[in-house]
Amino acid sequence: MDAQVNMHTDKKALDWANLGFQYQRTDFRFTANWENGSWNEGRLTDSECIVVHEGAPALHYAQQCFEGMKAQTAADGRVLLFRPELNSERMNLAASRLLMPEVPQELFFRGVEEAVRANYSWIPPYGSGASLYIRPMLIGVGENLGLKPAQQFEFRVFVSPVGPYYKQAGLSVISLAVSEVDRAAPNGTGSFKVGANYAGGLLATKLAQELGANEALYLDSAEGRYIDEAGSANILIVSKEGVLLTPKSNAILPSITRRSIMILAEDELQMPTEERAIDLRAEFPTFQEAAACGTAAVLSPIGKIWFDGQWHDVGDAGSVVGPVMQKLYDLLIGIQKGELQDNHGWLHAVSI
Ligand code: PLP
Ligand code: COI
């Protein structure tokens, strides 16, 4: 370890309640390297900069993937992760897709836990409304020019205290604009959390924001008809018949938040759920409520959607948080903060 970790029990003097979703430098990050077929032990470092070769495949050919997770402080002081084994699993799916070595679950957990623990003073306190965002990443480093996989890799985990992803605090209504540009090809990398998907989406986000939307909504790229997902979140719909719908598509990220909310709707609200192709234009009149969901987005109700040259209000009241989304939000964050019973064994406490 080249960084001296002093465990502070004090918290930083941040205005926790007013944090946005921005990078905040914290004291330590975890880094491990892969070379000659194996991972080293890894260590904490205090440098937020990575020195890589100018020929690194991560820089030229986007041979990289990442994850997004959050740690929350519970009322009793526990520091809670939400279903971290699914982030580990998803990172390894992306690694395999891009011909990168898998990060063993033990290394993934150790990296995440060490980065969280070493930055204890940066973990937002209980009740602040903020959380510690955790960004594990895997990048192809070393020298390379031709199009072939890297021979060396770095697994890194950094953390940053964050507030809400969309500007408004708490549960507030957002708007999406259907994108004219595609995010992912039907048999491409859309279902993997790889940076290349996001680079291609930057223009879509910009165009959506020029229309006054929070972000882009992608339709399937084969027909431009079925809902895929938003730029940084999956989509949930409550139909007028009271069914919780979510798009089935092999071009979207399998959101851990969405998978969890579908289970909560069934188990806690006794709602029928369906994962199926959803034709935006044909089915829009049957939408009662809609939301975007993800680690950063949490659950953000969608008030209106721009498509075919105009805004369309979702359900009866475009700017009001619907009752089902409110209940699902309360259930989700109640569990994540340790306020509600964790019936599914989703929480993982970091030993501090
Ligand atoms: N879709 C995209 C494109 C995302 O970037 C994210 C964020 O991670 C999600 C969906 C939501 O996934 P999760 O709930 O696992 O954070
Ligand atoms: C997340 O929700 O963790 C993400 O990775 C989305 C990202 C665009 C902030």
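Gly111 is about as tucked away as a residue gets: at 0% relative accessibility it counts as buried. Gly111 is found in helix α3 of what is, keep in mind, a predicted model.

**Gly111 and its surroundings**

- Not counting residues up to four places away in sequence, Gly111 touches Phe30, Phe155 and Val157.
- Pro136 sits 25 residues from Gly111 in sequence, and the C-alpha to C-alpha distance between the two is 8.2 Å.
- Phe155 has its own list of contacts, which includes Gly111 and Pro136 along with Phe30, Trp39, Met91 and Leu107 (neighbours within four places in sequence are left aside).

**The nonpolar cores**

- Which residues touch the most other members of the largest nonpolar core? Trp39, Val116, Ile134, Leu138 and Phe155 do, in a core of 38 residues.
- Several elements give two or more residues to this core: the strands β1, β5 (69–73), β6 (79–82), β7 (131–141) and β8, plus the helices α2 (84–97) and α3 (105–118).
- Helix α3 gives the most to this core, with seven residues.
- Another core lies apart from this one; it has 26 residues, among them Ala74, Leu236, Cys293 and Tyr329.
- As background, nonpolar side chains tend to be buried together in soluble globular proteins.

**Aromatic pairs**

- How many aromatic pairs does a search of the whole structure find? The count comes to 14.
- Take Phe21 and Tyr165: their ring centres are 4.9 Å apart and the planes meet at 85°, so this pair is edge-to-face.
- That pair links distant parts of the chain, 144 residues apart: Phe21 is in the segment before β1 (29–35), while Tyr165 is in the loop between β8 (152–162) and β9 (174–178).
- Phe108 and Phe109 make a tilted pair, with 6.4 Å centre to centre and 55° between the planes.
- Phe108 is buried, at a relative accessible area of 1%, and Phe109 also counts as buried, at 15% relative accessibility.
- Why does Phe109 count as buried at 15%? The cut-off for buried is under 20% relative accessible area, so Phe109 at 15% falls on the buried side.
- Phe108 and Phe109 are also part of a cluster linked by ring pairs, together with Phe30, Trp39 and Phe155.

**Charges over rings**

- Lys304 has its charged end over the ring of Trp311, 4.5 Å from the ring centre.
- Arg183 does likewise with Tyr198: its charged end sits over the ring, 6.0 Å from the centre.

**Ligand 1**

- This ligand is surrounded by 16 residues, and the closest are Tyr198, Glu229, Ser255, Thr257 and Thr295.
- Glu229 puts a polar side-chain atom 2.5 Å from a nitrogen atom of ligand 1.
- Thr257 has a polar side-chain atom 2.5 Å from an oxygen atom of ligand 1.
- Lys193 places a polar side-chain atom 2.9 Å from an oxygen atom of ligand 1.

**Ligand 2**

- Around ligand 2 you'll find Phe21, Phe66, Gly68, Tyr133, Arg135, Tyr165, Lys193, Ser232, Thr295 and Ala296. Phe21 and Tyr165 are the edge-to-face pair from above.
- The side chain of Tyr133 has an N or O atom 2.5 Å from an oxygen atom of ligand 2.
- Arg135 has a polar side-chain atom 3.4 Å from an oxygen atom of ligand 2.

**A buried asparagine**

- Where does Asn119 lie? Asn119 is in the loop between α3 and β7.
- Asn119 is buried, with a relative accessible area of 0%.
- Its side chain reaches the backbone oxygen of Ala115 at 2.7 Å.
- Leaving aside neighbours within four places in sequence, Asn119 is in contact with Thr26, Asp27, Phe28 and Val159.

Technical notes: Residues numbered from 1 in each chain as written. Chains lettered and ligands numbered in written order. Predicted model: local features only at pLDDT ≥ 70, side-chain atom pairs only at ≥ 80, totals over all residues. Heavy atoms only, no water. Phe/Tyr/Trp six-rings, centres within 6.5 Å; stacked < 30°, edge-to-face > 60°. Helix = DSSP H or I, 4+ residues; strand = E, 2+ residues; numbered from the N terminus. Buried < 20%, exposed > 50% of the residue type's maximum accessible area, 1.4 Å probe, protein only. Lys NZ or Arg CZ within 6 Å of the ring centre and 35° of its normal. Core = buried A, V, L, I, M, F, W, Y, C linked by side-chain atoms within 4.5 Å. Contact = heavy atoms within 4.5 Å. Near = heavy atom within 4 Å. Polar contact = N/O pair within 3.5 Å; in protein donor to acceptor, adjacent residues only side chain to side chain.
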